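User: I would like to go through this model carefully, one question at a time. Please state the cut-offs behind each term when it first comes up.

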Amino acid sequence: MADPEIKSYAPHHESQSAAVTESRPAKAVLMIVTFAFLGIFLLLPLIVVFNEAFAKGLSAYTEALTNPDTRSAIHLTLLVAAISVPLNVVFGISAAWAIAKFEFKGKAFLTTLIDLPFSVSPVISGLVYVLLFGAQGLLGAWLKAHGIVILFAVPGIVLATIFVTFPFVARELIPLMQEQGNGDEEAALSLGANGWQAFWYVTLPNVKWGLLYGVLLCNARAMGEFGAVSVVSGHIRGLTNTMPLHVEILYNEYNAAAAFAVASLLAGLALVTLVLKTLLEMRYGAELAATRGH
Amino acid sequence: MTNPHFRKLLGALVAASVQFGTLGFAFADTTILNVSYDPTRELYKQFDEAFVAHWKAETGETVTVQQSHGGSGAQARAVIDGLDADVVTLALEGDINAIVSKSKKINPDWRTKFENNSAPYTSTIVFLVRKGNPKGIHDWGDLVKDDVQVITPNPKTSGGARWNYLAAWAYANAKDGGDEAKTKEFVGNLYGHVPVLDTGARGATVTFAQKGLGDVLLAWENEAYLALDEFGADNFDIVYPPTSILAEPPVAVVDANVDAKGTRKVAEAYLSYLYSKEGQTLIAKNHYRPSKPDLVPAEDLAKLPEIKLITIDDPLFGGWKKAQPYHFGDGGIFDQIYKPAQ
Amino acid sequence: MTTAPAKAGWRFRQPSVIPGFGLTLGFSLAYLTLIILIPLSGLVWRSAALGWADFWAIATDRRTINALEISFGTAFIAAAVNVVFGTIVAWVLVRYNFPGRRIVDAMVDLPFALPTAVAGIALTTLYAPNGWLGSLLAPLGIKVAYTPLGIVIALIFIGLPFVVRTVQPIMEEIDKEVEEVAATLGANRFQTIARVLLPGLAPAIVTGFALAFARGVGEYGSVIFIAGNLPYKSEIAPLLIVIRLEEYNYAAATAIAAIMLALSFVMLLVINLVQTWSRKRYG
């Protein structure tokens, strides 16, 4: 690993000599390509969401959002995120501590396992819980006998969400804590702090912005997950429909305006996430630099 | 330094999560779950309200009816996997039989529990075309004309799509005098004209009506009328082909679930209410064909013309128990004719 | 490894004064096992119960192969497109100063934050024959929605930030002196970029490609709305899993899932190898 010497983050936008930058026309072409590409692929879909949401006017919009089924979908989404995000935060901190602070055999393999949910199809993330907890599944009969309901209910949705958002916090913290090294904690320990104190007063303040950054991404994904949740939800109106599933249902009820109204809430959440993320990067860019790029 | 600030933030996060956690759901006295197929959303929305009022008047109890909708096969799968349905109201017998055989949650004699083989209404398959019928589509044979694009969902996952397929099969069989090779060729040719294969009937309607794809939608009769209501009668026409199929979407109580939950009484009353005057009238108003038309005001029936309808129990198909594996099973006729079009 | 003297036997971890190893590793492993490993091994167990002959029959079924080809093919094309444009976007963001750079930079992360179902219905509305872009493309005979091209579009959307965010930090660390040296030695700008800069960026680009590719292969939410979902033509592997499940064909659903799982595990290993290799070489 890189030694814990601190790199200098000099701004890169000072004046550039002609030899090390592109000619004006080339620059213009690259800028146009960038704007056109991002405009078509990112901006337009976002505009469509809000345009369609308000296509039938403001009153239709507010009506769509105050509908009881929509409200219960919003509640469920918040509930699922409120359970799964904190659990993944605890895991993320714990895994990052073990991986970043210690050298042990099989560390690379463990890191790969943590990454696994990133590259597993969301559909498979849902399917595994159906195979495990479904009435025909491995534990189905046992659960049934003990009256425990997991699939097609909130626990199943929470489990599937935890699965897909599993790596987010750990992935932000591991490189950050590796970069920072053990020096600060070792100093605290030699001054008589115990492990908890070292963690609470030294490590946590050091990684807090990275942690928050991970929580933001984790939360955005938790509230927006579709594929995995769709497989385990059962789609009961007002009970097991999360917001993304409710979007699909409304869309299939010829109610495009209402579907996009709910979608606009999710898009709004995405925008808030991006703004917070950018603010974090602007103020704490250097601290976060190590965690950029997953 | 920034440390207390950050901890305050963490505190706020925790407080927020606790708050969300206490947002429980208010449960009524009794709750039953109706797991249904795609096009019945509007029907059961109205019917559930009527039933809740009826049950309150009858027994003084408050009952809440929850709905789940999706492709008929997908919904049956969810019940098999443990979705706690009290009643299932699916697109075809085959899907309820699948619950019977794969999970034993429904007793095998379910068809005898309610009138008309437990089908409170019937329906058929019609054509929805663009206004003025620019491609001149009047019969099944017109669907395979060169420039015609047909929208129909995937018969493997959608109940309605299976009826579409069988109606086309019946037409071709009659036309070719029962030559199965020719019938297969016609139906295979028909699916060669399908640019999008949605998983459910509702998805197909959205594709056709909202996204403007295709020249003709093979649709449930009720779904076609609903599309006229939703998207304006000045955009589409309904075409009745000379022959079609008699679809009998059945209903059943999920015995194992209602016995475990103690909801058998209300679940049975719920399905029986479908056969009442109120139930049958709502059924007709939503463009289904009531199984007891004499209970329904004549003006609600006027829209549903008589056409020649072949049934699934016709010797051509031999009932669902035979038709399902023969046509739609793994390696069945549909798998044989639906080959990569390269 | 580095300094540990070859004592008798094998040492699981290097000594350290930091406490909490047992607790954190234990908890992490328990949580990982409970949430990820047990459910995934359930999947492997179920597909192993199939028997080799059945498994092989499902794996070599024409429809399975086509679905896997479509998933991997469209993900590959989308990742390749993202490599080209994502690298350009990253370059513009790192090297050029223009008003609104922060906003554009923030927007690149939109696909991370926007729910896939929302992206799906938005893209479909945009590219349907009566949509804003679809109606422009239709007269040219280009159909996007309900074709494999639509899948590619959705996967470009999903995968873009992976490439940009992997390449960007490496670009920021490029030492300007290298370019200056190349320029003084007579290289023109194109030669500097092609011969000096790109080789240094290659590991990051490959990693970004692999991440976007891996994500694209498994993507479901955004694709099902815009793909025509035609078997053999525009049916992606995750959708085929769902369809098999809905046909009560658990064996096939499980087998296809197991194949995809194995492939994604291989891809992850490759990504990690590339990263380790590049860290050794350039770190």
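User: Where in chain C does UniProt place the feature "transmembrane region"?

Analyst: This is a predicted model, in which local features need pLDDT of at least 70 and side-chain atom pairs count only at pLDDT 80 or more, while totals for chains, interfaces and linings use all residues. Residues are numbered from 1 along each chain as its sequence is written, chains are lettered from A and ligands numbered from 1 in the order in which they are written, and side-chain values use heavy atoms, with hydrogens and water left out. UniProt positions are given in the numbering used here, with feature names shortened, and annotations may be inferred rather than shown by experiment. In an unreviewed entry, UniProt places the feature in chain C at residues 21–45, 70–94, 106–128, 140–164, 196–214 and 250–274.

User: How far apart are the end C-alpha atoms of residues 140–164 of chain C?

Analyst: Helices (H or I, at least four residues) and strands (E, at least two) are DSSP runs, numbered from the N terminus. By that assignment residues 106–128 of chain C are 78% helix and 0% strand, with end C-alpha atoms 28 Å apart. Residues 140–164 of chain C are 68% helix and 0% strand, and their end C-alpha atoms are separated by 31 Å.

User: How many helices does chain C have?

Analyst: The C-alpha trace of chain C spans about 70 × 60 × 30 Å along its principal axes. Residues 68–271 of chain C, annotated by UniProt (unreviewed entry) as "domain: ABC transmembrane type-1", are 77% helix and 0% strand, with end C-alpha atoms 20 Å apart. Chain C has zero strands, and its number of helices is 13.

User: What area do chain A and chain C bury between them?

Analyst: Contact here means heavy atoms within 4.5 Å, and by that criterion 100 residues from chain A and 107 residues from chain C take part. Buried area is the accessible area (1.4 Å probe) that two parts lose on being put together, summed over both. Of the area buried between chain A and chain C, 76% is on carbon and sulfur atoms, and the total is about 9,500 Å².

User: Which helix of chain A gives the largest share of the side that touches chain C?

Analyst: By class, this side of chain A has 65 nonpolar (Ala, Val, Leu, Ile, Met, Phe, Trp, Tyr, Cys and Pro), 14 charged (Asp, Glu, Lys and Arg) and 21 polar residues (the others, Gly among them). The largest share, 20 residues, comes from residues 24–53 of chain A, which form helix α1.

User: Which residues of chain A lose the most area to chain B?

Analyst: The contact takes 33 residues from chain A and 38 residues from chain B, and the two chains bury about 3,200 Å² between them, 65% of it on carbon and sulfur atoms. Together giving 22% of what the chain A side buries, the residues that lose the most are A:Phe152, A:Lys208 and A:Tyr254.

User: How are the rings of A:Trp97 and A:Phe199 arranged, stacked or edge-to-face?

Analyst: Rings of Phe, Tyr and Trp (its six-membered ring) pair if their centres lie within 6.5 Å, and planes under 30 degrees apart count as stacked, over 60 as edge-to-face and the rest as tilted. A search of the whole structure finds 49 aromatic pairs over all chains. A:Trp97 lies in helix α3 and A:Phe199 in helix α10 of chain A, so this pair ties together parts that are 102 residues apart in sequence. Because the centres are 5.8 Å apart and the planes stand at 80°, the pair is edge-to-face.
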